[in-house]
Amino acid sequence: KNMERELVCPVCKEMYKQPLALPCAHNVCHVCASEVLLQHGYLCCDPTSEPSSPAATPATRFGTYPGRKRGTVHPQTVSFPCPACQRDVDLGERGLGSLFRNLTLERVVERYRQTINISAAIIAAIMCQFCKPPQLEATKGCTECKSSFCNECFKLYHPWGTQKAQHEPTPPTLTFRPKGLMCPEHKEEVTHYCKTCQRLVCQLCRVRRTHTSHKITPVLSAYQALREKLTKSLAYILSSQDTVQTQIAELEETVKHTEVNGSQAKEEVSQLIQGLCAMLEEKRATLLQAIEECQQERLASLHCQIQEHQAMLENSGMVGYAQEVLKETDHPCFVQAAKQLHNRILRATDSLQSFRPAATASFSHFQLDVSRELKLLTDLAFIRAPEAPVIDTQRTYAYDQIFLCWRLPQHSPPAWHYTVEYRKTDAKAKGLKLWQRREEVRGTSALVEYLDTDSIYVLRVKGCNKAGFGEYSEDIYLHTPPAPVLNFFLDNRWGFNRDRLAISKDQRAVRSVPGIPMLFAAERLMTSCHLSIDLVIGDVAITQGKSYWACCVDPSSYLVKVGVGLESKLQEWFQVPQDVVSPRYDPDSGHDSGAEDTTVEAPPPYAFLTIGMGKILLSHGSALTSRDPNGCTVPLPPRIGICLDYEQGKVSFYDAVSFRELWECGVDCSGPVCPAFCFIGGGALHLQELVANK
């Protein structure tokens, strides 16, 4: 009984009748599909006819394809709104005529009907369609004729010696299906399966341009492959029933929690809104009370002023009393009474001459500006989780540790803290490694420690606030250095030319300042006196293992060389300045003073990468004049990485951003080896700061 929902058409909500297989892997009754297209303004063939019958062919519909738009002259692509997935499915120009009939689904529906005895009465009542009344019960059916016959009528309509005599009888039925699945376009039996289009095709379809260079396999091979996959998937589901039940129980528990938490959220929102309403009511009462007090005060002042003016009327008491006082002839008594009365008369006179109401009738200063509050109420909404952070690729890099930097989008809700996740990627591993986390990271940057060298790590970050966690950022892949990072400083105690080189206070940057000595040297250059190289080395010497460090070279530098050299040879260099033009002392050539006389090629005591004017020179070992400047230079990356393998006697140079190897060569490691940097003319560089120092 539970299977019935798999056999119900999503349009008519009844069991499928002549179902059509849509490209979106859903099914719909042929009649229902025709009605849906009619509702959307498409012309369709007779929905009561079968898709494979002559009535469903384009030739019987006035030269149009099933599913042609009304009022159109040329065929157009038919779009079918799938009721199951709610998406518009492209049916092509032929509309429903390009769809296969799902015969397997039909057979399942018929078996299901017989099992639950839904159509038992109909099956028992199938009558011969050709008998004259009274009709006899049908005993045979013909798939080719699409009709049911009694014995006599079957013989009559299938006479011996005709082509119809070759029709094979079938059990009587009201719905006839073809023996096999037929190509909707060519009406031929399908024999192959196109893997590219994921569609069954006939022999004629194979030779069409539509399937040129497509992967086409015999339908038997597709049947076996899909049957095997389906069997394995079904076996896995059947063997995981305990897991399914556990997940169902978990989902039911989630439903209960959803109901409880939803009711709780509603109650919290109601209480908050009620609190806002109570506060508004309290504020309303306070504001009305202030208006009432001001109103009463003004009315009292106005009433007092009215009484004063009424006293100045002719028939008022004050005027009559003054008239009577004027009748007094006793001088002392008059002066005594008139003095008091005169003050009152003066006040009344002043009030009459400079009349102004004691209070204004306007209450304009009691107006409320609630625009800001209305905007806040309009914007009142549930708290949103932070949006996916954006990784700052310009500031994020891997060195001794990974420094990860990010920011939130402009209109994103704020985040209280962040969670950083990272894991090592391994192409050889069968499964993905578990994510490692750094939780409750404050700020918009983080350090990731204890990483393997020469590995690729993928990192992502998400924000959290009261609404919960937001979406993850896009993954960023970072390559760790090929060896442990060597931490050193530039040696400012011996050797370097203080007139032309300036080392910073933190001993991590150096700048070449040629100045006047360079001008004098340039003047002597006209008399075949060559310039010398200014050299500065690191304050550590490497005697074992692999080491890596990186530096940034100023793109405007005239000529800079970065690399390594034997400590003993570098000390000789400091004692005797070398000729920059002579190949006997060219650091890139690897030749010392006696190297040309030996027959055994020894590893060079120096290995330098030449950088100048924003370019890197990669062609080594050939004469300078024969070098092609276009084919042997690459743009200078933001950072240069140097990796020394002491045991192998090898040094490699990298683009320290992408870790793309630029050049590799041998170097003499018979003694301590030091990082070294050379300058010719103006230039500057600084060593990469350790992430741990940030």
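Reader: What percentage of the 694 residues in the protein is buried?

Author: The model is a predicted one. A residue is buried when its relative accessible area is under 20%. Of the 694 residues in the protein, the share that is buried comes to 35%.

Reader: Is Thr-480 buried or exposed, and at what relative accessibility?

Author: Thr-480 is found in the loop between β22 (476–479) and β23 (501–503). The cut-off for a buried residue is under 20% relative accessible area. Thr-480 therefore counts as buried, its relative accessibility being 4%.

Reader: Which residue has its backbone oxygen 2.8 Å from a polar atom of the Thr-480 side chain?

Author: Leaving aside residues up to four places away in sequence, Thr-480 touches Ala-398, Leu-451, Asp-452, Thr-453, Asp-454, Ser-455, Tyr-457 and Phe-659. The backbone oxygen lying 2.8 Å from a polar atom of the side chain of Thr-480 belongs to Asp-452.

Reader: What is the volume of the second largest cavity?

Author: Cavities of 30 Å³ or more are counted here, and there are three. For the second largest cavity, the volume is about 40 Å³.

Reader: How many charged residues are in the lining of the second largest cavity?

Author: The second largest cavity is lined by Tyr-399, Leu-486, Asn-487, Phe-488, Arg-508, Trp-549, Ala-550, Leu-687 and Gln-688. Arg belongs to the charged class. By class, this lining has six nonpolar residues, two polar and, among the charged, one.

Conventions:
Residues are numbered from 1 along each chain as its sequence is written. This is a predicted model: local features need pLDDT of at least 70, side-chain atom pairs count only at pLDDT 80 or more; totals for chains, interfaces and linings use all residues. Side-chain values use heavy atoms; hydrogens and water are left out. Helices (H or I, at least four residues) and strands (E, at least two) are DSSP runs, numbered from the N terminus. Buried means under 20% relative accessible area, exposed over 50%, partly exposed in between (1.4 Å probe, protein chains only). A polar contact is a pair of N or O atoms within 3.5 Å; within protein, one must be able to donate a hydrogen and the other to accept it, and residues adjacent in sequence count only if both atoms are side-chain atoms. Contact means heavy atoms within 4.5 Å. On a 1 Å grid over the protein atoms alone, a cavity is a set of points where a 1.4 Å probe fits but cannot get out, and a pocket is an open set with protein on both sides within 12 Å along at least five of seven lines; lining residues have an atom within 4 Å of a point. Grid points are joined across faces, edges and corners, and a volume is the space filled by probe spheres set on the points.
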